[in-house]
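Have the picture open and follow along with me.

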Amino acid sequence: MPTLTPVRTGGALVDSFGRVATDLRVSLTDRCNLRCTYCMPAEGLSWLPQPELLTDEELVRLVRVAVSLGVTQVRLTGGEPLIRRGIVELVAQFAALDPRPQLALTTNGLGLDKLAAPLAAAGLDRVNVSLDTVDRAAFTALTRRDRLDDVVKGLAAAADAGLTPVKVNAVAMRGINVDSAPELLQWCLERGYELRFIEQMPLDAQHEWDRAAMVTQAELLERLSSRFALTPTAAQGRGSAPAQTWLVDGGPAVVGVIASVSAPFCGACDRVRLTADGQLRSCLFARTEDDLRTTMRAGASDEQLGAQMVRLMAAKKAGHGIDDPTFLQPDRPMSAIGG
Ligand code: SAM
Ligand code: SF4
């Protein structure tokens with residue numbers, strides 16, 4: 001657990017430890033067109049009912065209020081954000097906010113071949129594409145869909161559209177992509193994509209996560225070092241950036257690891273999350289959330305919505321506590337929170 005000293009809160013999204021939330025993750029939907037085994041069961045989940053989802057207008061309003069409270073980066077996620085109808089127009093509306101936030105997207109890449117150029121034209125700045133393996137059989141087993149080619153096309157379109165640096169996210173999993181981690185890195189290097197491995201977190205809907213079986217940053221680095229010379233970059237202190245990065249064979253290419261479990265970065269966290277049904281969460285692992293949708297639909301003013309955001313963030317806990325014996329997995333899975 002990080003050691004943080006309580007401080008007095010101010011008017012922005014500041015918590016009692018002095019951390020300021022500037023990075024808003026917005027889930028556009030809890031639905032998805034893949035079924036990654038570490039995320040959801042084969043049959044999917046019981047999706048949020050349509051009337052509970054924020055409309056485009058409501059989404060833009062809440063993001064505008066958050067921006068007025070100091071949010072400078074908005075990352076669209078899900079579920080799979082690209083399956084939300086009207087995503088290009090939404091991005092254009094976020095890009096028209098003043099001050100304009102940086103706009104990023106986390107996607108599984110399906111449909112990105114067609115959407116990358118319009119999204120870039122609408123104002124999207126960056127993209128992270130999730131791709132855990134480039135072995136077709138392993139990809140199909142892991143995602144339960146034979147769609148590797150579509151992800152590969154999506155990645156190429158993102159690079160062509162200038163959504164650079166194109167980042168590839170891979171959740172490290174024993175028996176799936178750890179032995180082949182050097183091949184995945186080589187594949188990304190050849191295409192100019194920046195690979196970041198993610199330690200698997202207890203956020204699966206099936207509650208099957210096992211700390212003892214989890215692949216740690218240390219194990220990954222050992223595996224990658226069998227083929228590449230890795231040198232820590234200057235960003236090793238990493239601030240609020242979750243990935244620690246290493247130069248590959250002297251650089252300039254880098255590889256990152258997001259060690260949320262074995263080396264948590266809660267002490268420098270600058271994130272806040274808005275779910276597709278309008279709940280604000282101060283942490284992926286929060287056990288509570290704040291219902292902005294109901295407040296908004298009851299006729300609240302922007303000031304009242306802002307005050308509710310400020311109150312929730314002020315109560316943000318010091319850390320996620322995954323390694324504490326008392327840790328409890330949140331009720332919502334990752335796909336319903338927004339990763
Ligand atoms: N569907 C999109 C995608 O896969 O990129 C966006 C949502 S997904 C929940 C966001 C990110 O969370 C992905 O990179 C995914 O691999 C990662 N993720 C999902 N479940 C995870 C888990 N249990 N531990 C760590 N990362 C996870
Ligand atoms: Fe869908 Fe992303 Fe979850 Fe995979 S990780 S099932 S792509 S939401």
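**Entry 1: the sheet.** I began with the terms: two strands pair if DSSP finds at least two bridges between them. Helices (H or I, at least four residues) and strands (E, at least two) are DSSP runs, numbered from the N terminus. I then looked up one bridge and found that Thr231 has Leu247, in S8, as its bridge partner. The model I am reading is predicted, and local features need pLDDT of at least 70, side-chain atom pairs count only at pLDDT 80 or more, while totals for chains, interfaces and linings use all residues. Residues are numbered from 1 along each chain as its sequence is written, chains are lettered from A and ligands numbered from 1 in the order in which they are written, and side-chain values use heavy atoms, with hydrogens and water left out.

Next I asked how S7 and strand S8 (residues 243-248) pair. They run in the antiparallel sense, over three bridges. Stepping back, I saw an open sheet of 12 strands with mixed pairing, in the order S7-S8-S9-S6-S5-S4-S3-S2-S1-S10-S11-S12. Its edge strands, each pairing on one side only, are strand S7 (230-232) and strand S12 (290-291).

**Entry 2: ligand 1.** Which residues are closest to ligand 1? I noted Tyr38, Gly79, Glu80, Ser130 and Met201, out of 17 residues that surround the ligand. (A residue is near a molecule or strand if one of its heavy atoms lies within 4 Å of it.) I sorted this shell by class and got five nonpolar, 10 polar and two charged residues. For the classes, Ala, Val, Leu, Ile, Met, Phe, Trp, Tyr, Cys and Pro count as nonpolar, Asp, Glu, Lys and Arg as charged, and the others, Gly among them, as polar.

Then I looked for polar contacts (pairs of N or O atoms within 3.5 Å; within protein, one must be able to donate a hydrogen and the other to accept it, and residues adjacent in sequence count only if both atoms are side-chain atoms). An N or O atom in the side chain of Ser130 sits 2.5 Å from an oxygen atom of ligand 1. The Glu80 side chain has an N or O atom 3.2 Å from a nitrogen atom of ligand 1. For Thr107, a polar backbone atom is 3.2 Å from an oxygen atom of ligand 1. I also checked the cover: ligand 1 taken alone exposes 540 Å², and the protein buries 95% of that. These areas come from the Shrake-Rupley method with a 1.4 Å probe; for residues, only the protein chains shown count as cover. Strand S3 (102-107) and strand S5 (167-171) are the elements that give two or more residues to this shell.

**Entry 3: ligand 2.** Around ligand 2 I listed Cys32, Leu34, Cys36, Cys39, Met40, Gly79 and Asn108. This shell has five nonpolar, two polar and no charged residues.

Entry 4: Where are the cis peptide bonds I looked up? One joins Asp98 and Pro99, with omega about 0°, and Pro99 is in the loop between helix H2 (87-95) and S3. Another runs from Thr164 to Pro165, with omega near -5°; Pro165 lies in the loop between helix H5 (148-160) and S5. Last, I noted that Arg144 has a positive phi, near 60°, though it is not a glycine. Arg144 lies in the loop between helix H4 (136-143) and H5.
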